[in-house]
Amino acid sequence: AVAVAPGDVRVLSGKTRELQGPPSLPYIVGGDVCGIVVEADDTTTTEQQSSKINNHDFRQDDLVVAMFNIEELGPRGAMAEYALVNTKVCDKVPDGVSPEEAAAVSSSGLAAMAVAQCIQKGDRILIFGAGGGVGSYLTQLAKRHGASFVAGISRHPQRILEPPLSCDEAVDYTQENPWEKEEWINDPFDLVIDLIGGCWIELIHHSKSSGKGGMIVKTAKKGGRFVTMVADDPWFEAHSFWKATILFALLPAWRAIYTRVTRPISQLPTYSMVFLQGKREKLTEALSLLKDGTIISCLDPSSPVAFTTEAVQSAFRLQESRHAQGKIVVRVAQK
Ligand SMILES: NC(=O)c1ccc[n+]([C@@H]2O[C@H](COP(=O)([O-])OP(=O)(O)OC[C@H]3O[C@@H](n4cnc5c(N)ncnc54)[C@H](OP(=O)(O)O)[C@@H]3O)[C@@H](O)[C@H]2O)c1
């Protein structure tokens with residue numbers, strides 16, 4: 001099974017070609033994959049020697065899950081009957097977890113786990129993109145990480161209120177502007193999480209137009225925080241490392257510093273950008289959360305998608321629309 005992610009769409013779009021490839025054409029899409037080992041490399045690196053699993057532990061017929069090839073930056077080559085995966089970010093799938101669930105969790109689950117680290121005990125949190133690939137895991141993890149109240153933004157509010165996402169409150173942004181919701185302005189959030197892109201710009205806009213005390217998130221002085229995983233434009237273009245550095249290092253660093261330096265007088269919360277940690281230990285942790293039922297992989301109603309050209313093309317169109325309800329997963333084959 002192969003899970004589709006926004007990164008796959010970006011690679012296919014060519015907007016980040018110089019950074020994420022593809023290095024050559026024809027190019028096979030797909031990065032997050034679960035499959036059966038046909039052949040395992042029998043060499044072991046020093047790094048692997050110090051970790052619990054080395055290449056020798058992967059044996060023929062093992063069911064394994066792997067994340068997109070982090071060494072080559074972009075998602076690569078998984079949407080096929082056979083795929084070469086990086087064993088550094090690969091792990092065995094525990095019994096009881098399906099290939100589709102495992103493929104879905106591989107980078108989105110890890111991304112959600114990285115954001116969940118920002119939650120502090122007792123936080124009231126608001127998640128933009130609560131029903132998406134990352135959000136569907138994050139909503140399930142939030143209370144475990146100490147959140148006292150979880151609100152989500154989605155055009156399917158009922159879905160995110162129901163288990164397993166179980167948000168305490170949901171706002172359909174097509175019906176109501178969450179930035180102007182009076183109850184939230186009167187009782188602002190400790191933490192706002194942006195999984196859609198552009199929320200910081202929106203926040204600045206509302207902080208200017210609302211004057212004093214009119215924000216849905218607390219100021220930095222009162223402990224308010226803003227965390228994002230996304231550039232201002234979710235389909236950003238970056239044709240050089242310099243552009244990527246501006247987008248993912250300089251601009252976030254400037255915002256992080258500015259909001260901390262101006263903390264005593266600012267109307268803004270502190271800003272942080274978070275990245276997923278592509279480490280096997282994290283993948284192992286995500287798989288054990290799936291196995292013990294702490295989290296469930298929520299698949300979009302279209303999934304499992306058939307492994308045909310038309311079906312995969314429409315899966316990519318759905319991912320590009322940014323309105324998948326959870327993860328889109330293609331079932332390449334069935335044992
Ligand atoms: N930094 C990292 O390491 C890292 C790692 C993983 C992912 N990411 C990024 O995180 C982002 C989220 O990933 P994902 O897999 O969760 O994406 P996704 O599955 O496409 O979800 C996007 C969500 O955005 C919501 N949305 C779309 N337009 C909206 C709007 N105008 N207002 C409010 N909500 C809107 C959608 O909800 P509705 O359907 O309800 O509109 C959907 O739930 C992506 O940009 C991805 O690249 C970053």
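1. A definition to begin with: buried means under 20% relative accessible area, exposed means over 50%, and partly exposed is in between, with a 1.4 Å probe and protein chains only. By that scale C199 counts as buried, at 3% relative accessibility. C298 is buried too, with a relative accessible area of 11%.

2. Some ground rules. This is a predicted model, where local features need pLDDT of at least 70 and side-chain atom pairs count only at pLDDT 80 or more, while totals for chains, interfaces and linings use all residues. Residues are numbered from 1 along each chain as its sequence is written, and side-chain values use heavy atoms, with hydrogens and water left out.

3. How many disulfides are there, taking a disulfide as a pair of cysteine sulfur atoms within 2.5 Å? The count comes to 0. For C199, the nearest cysteine sulfur is that of C167, 15 Å away. For C298, the nearest cysteine sulfur also belongs to C167, at 11 Å.

4. On to the domains, whose bounds come from an automatic or database domain assignment. The protein chain is divided into domain 1 (2-105 + 280-331) and domain 2 (118-273). Their C-alpha centres lie 27 Å apart. Counting contact as heavy atoms within 4.5 Å, 26 residues of domain 1 are in contact with 24 residues of domain 2.

5. Where does the ligand lie relative to domain 1 and domain 2? The ligand lies between them, because both give residues to the shell around it. That shell has 21 residues, the closest being R10, G133, R155, Y173 and H323; near means a heavy atom within 4 Å. The shell divides into 11 nonpolar, 7 polar (Gly among them) and 3 charged residues.

6. Finally, the polar contacts, that is, pairs of N or O atoms within 3.5 Å. A polar side-chain atom of R10 lies 2.8 Å from a ligand oxygen atom. L276 places a polar backbone atom 2.9 Å from an oxygen atom of the ligand. For M229, a backbone N or O atom is 3.0 Å from a ligand nitrogen atom. The protein covers 86% of the 920 Å² of accessible area that the ligand has on its own (Shrake-Rupley method, 1.4 Å probe).

Notes:
A polar contact is a pair of N or O atoms within 3.5 Å; within protein, one must be able to donate a hydrogen and the other to accept it, and residues adjacent in sequence count only if both atoms are side-chain atoms. A disulfide is a pair of cysteine sulfur atoms within 2.5 Å.
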